[in-house]
Amino acid sequence: MFNTVLFQSASVLRQNFIPGIFLKILLLFLFSFNHSYADDALAKITSRLVKTEITQGDFQQEKRLKILRKPLISTGTFTYHQTKGVIWKTLTPVPSLLLVDDIRLLTAQGEQAVPAAFGKVFKAMLGGDLKQLADGFSISGTDQKTSWQLELKPKDELLTKLINSIVLSGDNELRLLEIKESGGNITLIKFAQITHPTQLTAEQEADFEHLSP
């Protein structure tokens with residue numbers, strides 16, 4: 001799942017952000033986005049999620065590869081802004097910075113153009129707009145009083161050869177993203193210390209300024 005890439009900077013994505021093939025899967029279904037509606041379970045869960053202009057917090061990404069005995073772990077912070085994009089800042093083990101908006105992806109290696117639909121990935125995953133996921137996946141889930149869980153299975157036959165399922169879980173926020181590959185590898189991304197400030201810090205504004213035209 002992690003060996004196919006869409007952009008020249010995908011090696012950075014694999015280390016510091018959403019795994020490369022998962023990103024490809026999201027882009028494939030977003031290209032054919034047709035405004036279909038989610039089922040009742042998805043709609044109910046989406047209605048519980050906090051939706052504000054700014055979402056920020058910490059993440060821990062754990063990659064469990066079949067060829068390695070110990071998982072690969074990275075940690076950092078993220079900032080989502082409804083119109084500006086996303087700051088994904090890895091702090092350990094190797095500090096790095098990834099910036100992305102609707103049309104550009106910026107890393108230490110340079111800037112890459114991205115499809116306009118790319119921004120919908122973040123609105124779905126970090127902006128509480130999960131209903132968009134219904135276009136590319138068959139969805140089942142449970143909605144309990146204090147928590148919810150969704151299991152996504154790709155509709156495209158080709159994608160089923162790459163990924164078994166994606167599991168999202170949380171409460172009023174997305175707390176855990178689990179990606180299960182067909183080959184047996186697993187990626188876990190845990191989100192914590194999530195807040196919704198009314199404005200960006202000076203440092204965040206400066207980071208987003210790099211994405212300005």
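Trainee: Which residues of helix H6 (residues 202-209) are buried?
Mentor: This is a predicted model, in which local features need pLDDT of at least 70 and side-chain atom pairs count only at pLDDT 80 or more, while totals for chains, interfaces and linings use all residues. Residues are numbered from 1 along each chain as its sequence is written, and side-chain values use heavy atoms, with hydrogens and water left out. Helices (H or I, at least four residues) and strands (E, at least two) are DSSP runs, numbered from the N terminus. Buried means under 20% relative accessible area, exposed over 50%, and partly exposed in between (1.4 Å probe, protein chains only); in H6 the buried residues are Gln204, Asp207 and Phe208.

Trainee: Which strands are included in what covers the buried residues of H6?
Mentor: The protein has 6 helices and 11 strands. Some of those strands cover the buried residues of H6, including S1, S2, S3 (85-92) and S4 (96-100).

Trainee: With which residues is Lys84 in contact, leaving aside neighbours within four places in sequence?
Mentor: Lys84 is in the loop between S2 and S3, and it counts as partly exposed because its relative accessibility is 34%. Contact means heavy atoms within 4.5 Å. By that rule, Lys84 touches Val100, Asp101, Leu200, Glu205, Phe208 and Leu211.

Trainee: How many Å apart in space are Lys84 and Leu99, C-alpha to C-alpha?
Mentor: In sequence, Lys84 and Leu99 are 15 residues apart. In space, the distance from C-alpha to C-alpha is 9.8 Å.

Trainee: How many salt bridges does the structure hold?
Mentor: Side chains of opposite charge can pair when their charged atoms come close. A salt bridge is a side-chain nitrogen of Lys or Arg within 4 Å of a carboxyl oxygen of Asp or Glu. The number of salt bridges in the structure is 7.

Trainee: Arg48 forms a salt bridge with which residue?
Mentor: Arg48 is partly exposed, with a relative accessible area of 25%. The closest N and O atoms of the bridge between Arg48 and Asp143 are 2.3 Å apart. Arg48 lies in helix H3 (residues 40-48) and its partner in strand S7 (residues 137-143), so the pair ties together parts that are 95 residues apart in sequence. The partner of Arg48 is Asp143.

Trainee: Which residues make the nonpolar surface patch of about 310 Å²?
Mentor: Patches are made of residues with over 30% relative accessible area and no salt bridge; like charges are joined within 9 Å, and nonpolar side chains (Val, Leu, Ile, Met, Phe, Trp, Tyr) within 5 Å. Areas come from the Shrake-Rupley method with a 1.4 Å probe, and for residues only the protein chains shown count as cover. Leu68, in the loop between strand S1 (54-64) and strand S2 (72-81), is partly exposed at 37% relative accessibility. The patch is made by Ile67, Leu68 and Leu72.

Trainee: What kind of peptide bond joins Thr92 and Pro93?
Mentor: Pro93 is placed in the loop between S3 and S4. Omega between Thr92 and Pro93 is about 0°, and the bond is cis.

Trainee: In which strand is Gln193?
Mentor: Gln193 has a phi near 50°, a positive value in a residue other than glycine. Gln193 is exposed, with a relative accessible area of 60%. Its strand, residues 186-195, is S11.

Trainee: Over which residues does pLDDT stay under 50?
Mentor: pLDDT is the predictor's confidence in each residue, from 0 to 100. The protein averages 75, and 69% of the residues score at least 70. The stretch where pLDDT stays under 50 is residues 1-38.
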